[in-house]
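Hi everyone, and thanks for coming. Please take a look at the picture first.

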Amino acid sequence: MADSAQAQKLVYLVTGGCGFLGEHVVRMLLQREPRLGELRVFDRHLGPWLEELKTGPVRVTAIQGDVTEAHEVAAAVAGAHVVIHTAGLVDVFGRASPETIHEVNVQGTRNVIEACVQTGTRFLVYTSSMEVVGPNTKGHPFYRGNEDTLYEAVHRHPYPCSKALAERLVLEANGREVHGGLPLVTCALRPTGIYGEGHQIMRDFYRQGLRLGGWLFRAIPASVEHGRVYVGNVAWMHVLAARELERRAALMGGQVYFCYDGSPYKSYEDFNMEFLGPCGLQLVGARPLLPYWLLVFLAALNALLQWLLRPLVLYAPLLNPYTLAVANTTFTVSTNKAQRHFGYEPLFSWEDSRTRTILWVQAAGSSAQ
Ligand SMILES: NC(=O)c1ccc[n+]([C@@H]2O[C@H](COP(=O)([O-])OP(=O)(O)OC[C@H]3O[C@@H](n4cnc5c(N)ncnc54)[C@H](O)[C@@H]3O)[C@@H](O)[C@H]2O)c1
Ligand SMILES: C[C@@H](CO)CCC[C@@H](C)[C@H]1CC[C@H]2[C@@H]3[C@H](O)C=C4C[C@@H](O)CC[C@]4(C)[C@H]3CC[C@]12C
């Protein structure tokens, strides 16, 4: 990519480009990457909105494919200058089997790496997750930590295990020789809980509140802080990292970066109320209405019911032993590594992020009526 940016038009591939984050990355690239000549959007499920993107100056190529199929990945990667790999199974609710989560998140990432090596694509940005670090199975808080904070990353759940393994594959691949003899340059971005337009869990909470007559009931202590980051800023960090990865390969190659912005540190429920409150919902209770032991029992009951009902129907409520443990463990980041390494600054202020999300929730809610 050494030629002048204006002269050479580049080919980008976004895997998972029709997902919650992926769609924002696709749109951000089209708006803010002047070097873009072709944008390949690779996903198992292609969104109808892609059609509207094909009328612009950049060639948008929709590719329906599966990252677990190595040949499909290789065909999509061939000729790309940059790969932004967001595709993954984000499942902490027991919808997919551990094997499937591993197959998609780990083997799928392995397929992307090998495709880059075989076809000569040199720049790979991977969407990792805060869960690579924690919260760990011991419930240790991670309070305003950064990429260098010592923390015992111990996982048992298939999702964080798969993200940790995939991230390690990506970082270890940095420096491998690709077809053509030049080195592969990789980095991994670790968003905390992403919110914004398209966040299905936020929509589920809103609809749950509507069903309960506008009330939500506090289950998590307000003192438990959970890091959250606006999807537009996560997308922007991906675009910037992909842009700077060549110029700053020696500094960025093989590095991890937490995704951060000015979103306030709050409990998961209180943070959600920043958006659900203006949409008419109220959170009942200054402290959890149920004792923790009862929540643990209810979460375990949900897990048992999921197991019993699985042959008949998928029962996957928000509350399960894993989500309860994560929600009850402080995990917040405070870092400027991405700013120091590649000049990242959040594109959207907290106020703007909040307004955009509220408007989306209101629209999503009205469509639920
Ligand atoms: N949502 C969050 O809070 C969050 C936080 C940190 C990191 N992440 C990471 O960000 C990435 C995107 O997450 P998201 O929240 O947008 O999830 P999402 O489910 O909305 O998007 C994932 C996309 O990947 C696609 N996909 C899944 N399996 C595939 C396969 N086998 N082949 C091709 N495409 C496949 C899906 O169709 C979907 O469009 C994931 O890697 C996730 O681990 C998400
Ligand atoms: C106990 C319930 C009463 O209301 C609240 C349950 C909340 C949980 C559903 C969510 C609490 C923390 C969330 C996770 C966190 O934001 C980070 C994540 C990492 C990302 O890679 C994937 C999503 C998630 C695991 C996210 C999922 C939902 C929570 C567990």
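Let's begin with overall shape. The protein has 369 residues, and a compact globule of that length would have a radius of gyration near 21 Å; the protein has 21 Å, so the two agree. That radius is taken over C-alpha atoms, and the globule rule is 2.2 Å times the number of residues to the power 0.38. Along its principal axes, the C-alpha trace spans about 60 × 45 × 40 Å.

Now a word on what you are looking at. This is a predicted model, where local features need pLDDT of at least 70 and side-chain atom pairs count only at pLDDT 80 or more, while totals for chains, interfaces and linings use all residues. Residues are numbered from 1 along each chain as its sequence is written, chains are lettered from A and ligands numbered from 1 in the order in which they are written, and side-chain values use heavy atoms, with hydrogens and water left out.

How confident is the predictor? On pLDDT, its confidence in each residue from 0 to 100, the protein has a mean of 95, and 97% of its residues reach 70 or more. For the complex, the predictor gives an ipTM of 0.98 and a pTM of 0.97.

Next, the fold. You can find 12 helices and 13 strands in the protein; these are DSSP runs numbered from the N terminus, with helices (H or I) of at least four residues and strands (E) of at least two. An unreviewed UniProt entry places the feature "domain: 3-beta hydroxysteroid dehydrogenase/isomerase" at residues 13-283. UniProt positions are given here in the numbering used for this model, feature names are shortened, and annotations may be inferred rather than shown by experiment. That span is 36% helix and 20% strand.

The peptide bond from G134 to P135 is cis, with omega near 5°, and P135 is in the loop between β5 (123-127) and β6 (142-145). In strand β6 itself sits R144, which has a positive phi of about 55° although it is not a glycine.

On to the ligands. Which residues come closest to ligand 1? They are L21, D43, D66, Y159 and K163, out of 25 that surround it, where near means a heavy atom within 4 Å. For polar contacts with a ligand, the cut-off is a pair of N or O atoms within 3.5 Å. The side chain of D66 has an N or O atom 2.8 Å from a nitrogen atom of ligand 1, and the side chain of K163 has one 2.9 Å from an oxygen atom of ligand 1. Taken alone, ligand 1 exposes 820 Å², and the protein buries 87% of that; areas come from the Shrake-Rupley method with a 1.4 Å probe.

Around ligand 2 there are 20 residues, with V90, S129, E131, Y159 and E269 nearest. Polar side-chain atoms reach its oxygen atoms: S129 at 2.7 Å, Y159 at 2.6 Å and E269 at 3.0 Å. Alone, ligand 2 exposes 630 Å², and the protein buries 90% of that. The largest share of its shell, 4 residues, comes from α10.

Methods
Polar contact = N/O pair within 3.5 Å; in protein donor to acceptor, adjacent residues only side chain to side chain. pLDDT = per-residue confidence, 0-100.
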